[in-house]
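Hello,

Here is the structure I promised to pass on. Please look through it first, then read my notes below.

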Amino acid sequence: MTVTRDRMISGTLKFHLFLCVVFIFAPIIGSFVFSLNSDRFPSLPLGSFSTEWYRLIWEDPFVWAGFFNTMIVGFCVAVIATVLGFGGAYTDYRYKFFGKQIYMALALLPPTIPVVILGLAMLAYLSRIGLSGDLYSIIIAHGVMCSPFAMAIIRLRLSQMDPDLEAAAWNLGGNEWVTLRHVVLPFTFPAIIASLFITMAVSFDEFAVAWFVSGLHETLPVKVLGFLQGQVSPRINAIGSLAFVSSISLIVLAQMLLRTPSTRSRSASED
Amino acid sequence: MRHHASLFGLTLALPLLIWQLLFFVAPLAFLVALSFWTVRNFQMQPDFDVSNWVRIYTREVFWQAYLRSLILATAATVLTSAIAFPAAYAISFKLSESAKRWIVFILVIPFFTSYLVRVYSLQVFLSDAGILNAALGYFGLGPVLMLNNTFGVLVGLVTLCLPLVILLQTFSLNFVNRDLVEAAHNLRCGPLATVFRVIVPSAKVGLIIAALFSFILSFGDFVSPLYLGGGNPPTLSIMITDITKSGQQWPRAAVVAITMIVSLLIVAFASIRFAYKERGR
């Protein structure tokens, strides 16, 4: 009696979970389907199969310009955020100092500030010091927003490192720089690559702050926001689907890097 | 040696600190200063004038937007938490380890999809001649108005918050001591009573933090209120984008932004206090 009841409860809960996943993914899958559908305003029954929207964005020079801007910003942000994040993560791992809590708060807080507020603050500040309205404005802003992610990813990897490893390297006569180069960097290498990918993916999808500070140098997400404000067009779905595929590839690669135990770190510790 | 050590440490620690001070703290601090500046002949001038604050705070539109933002964010938070909890419970208590890992991976995916694209897709689902109404039409129902109203906004906000809240709730439920649950079971505490008297209290901090994140996300979002809610009446976030994009009245936008940050800080401190409060009688 109670067994069947438990099973029913368990089944209902799992079904609820399933519905949640459907709800979360319906818009994402919908966007895929609509991007390959001939209708401008898709409804049921769906129209015929069409690659028209992909052709339109392929032929749109503004979309290409946005794409290149997104790539440039994404690459620069990935490198900057990962360098900053590595420094922060290592500092947290290695040192105790006065004011460390404030340091950590500064390093990790940006994602909790609403993007409109961050956007306005960055726009006002950057235009005051003459740095707004260009691609580097977006890079600066995304550097702030992405470094916490880089820091978290690399910090997690550092916490798996045997603290004796570094001490051993110092005892063998390596100074801190040499140890960093030959022990710490190889050990955190998978996390560093993962951080590059993930921060790039975050930057690829960020539209709000980029919209505020970019001026005429729009990235693709800002372009999409423009489409959304102007006449509605399924080109959004086509861009979205391509962006989705590229982001997910980056995430899957990052996941694989974080999962596989690094062989490089082992060879480094044997050196 | 000591000198080298500190040089090494500083080289690693300082870049992040300098970057965040220059491009995170300074802009936010500047926002406060900006709210006291004046605009003359379409030019912003450094000043110490409270007229922006007076101008914004005496407008009824502002208070309506404030109220609407608070109500929407609260409703989205309650809704998201309520929908997320059974799902998180199912993940934490009913799934195998490998299924757990899969579902966590699946729930991370939405963070890397464009929120804008999802909102646009939702427009297609929810509009009067859209997917859902067409489906309802087959059953002779509808059309139901689902776009450009509060329902639309809430659908968008729940879409935005649900994956994060399920994940955070799952993590906090994973830390619930399983012996405690077993003990409650052995003492013939029913399943519902176990959930509300044992599991929820011991996962309280995580559940509240999850709700807090949902509130912060919903309160700050301008996309759902604008593109699924029609933008009228506006929320504070919509007001900021409108004021900023339509001219030089940035000081007034700064007033709205500071009001939002202070409100969020109050909500954050209150909920963290509540989370860590000892359960009194």
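A polar contact here is a pair of N or O atoms within 3.5 Å; within protein, one must be able to donate a hydrogen and the other to accept it, and residues adjacent in sequence count only if both atoms are side-chain atoms. By that rule, eight residue pairs are in polar contact between chain B and chain A (both at pLDDT 80 or more).

Some ground rules. This is a predicted model, where local features need pLDDT of at least 70, side-chain atom pairs count only at pLDDT 80 or more, and totals for chains, interfaces and linings use all residues. Residues are numbered from 1 along each chain as its sequence is written, chains are lettered from A and ligands numbered from 1 in the order in which they are written, and side-chain values use heavy atoms, with hydrogens and water left out.

**The interface**

Contact means heavy atoms within 4.5 Å. Chain B brings 84 residues to the contact and chain A brings 88. The buried area (accessible area, 1.4 Å probe, that two parts lose on being put together, summed over both) is about 7,400 Å² between the two chains. Carbon and sulfur atoms give 83% of that. Phe8(B), Phe112(B) and Tyr120(B) supply 12% of the area that chain B buries against chain A, more than any other three residues.

A salt bridge is a side-chain nitrogen of Lys or Arg within 4 Å of a carboxyl oxygen of Asp or Glu.

Helix H1 (residues 2-34) of chain B gives the most to its side, with 23 residues. Helices are DSSP runs (H or I, at least four residues), numbered from the N terminus.

**Salt bridges elsewhere**

Over all chains, the structure holds eight salt bridges. One of them joins the side chains of Glu52(A) and Arg55(A), at 3.1 Å, N to O. Both residues lie in helix H2 (residues 52-58) of chain A, three residues apart, about one turn of the helix.

**Backbone points**

Most residues other than glycine have a negative phi, and most peptide bonds are trans.

- A cis peptide bond joins Asn232(B) and Pro233(B), with omega about 0°. Pro233(B) sits in the loop between helix H11 (223-227) and helix H12 (236-245).
- Asn148(B) is not a glycine, yet has a positive phi of about 60°. Its loop runs between helix H6 (131-138) and helix H7 (150-174) of chain B.
- Arg188(B) also has a positive phi, near 60°. Arg188(B) is in the loop between helix H8 (178-186) and H9 of chain B.

Best wishes

Notes: Helix = DSSP H or I, 4+ residues; strand = E, 2+ residues; numbered from the N terminus.
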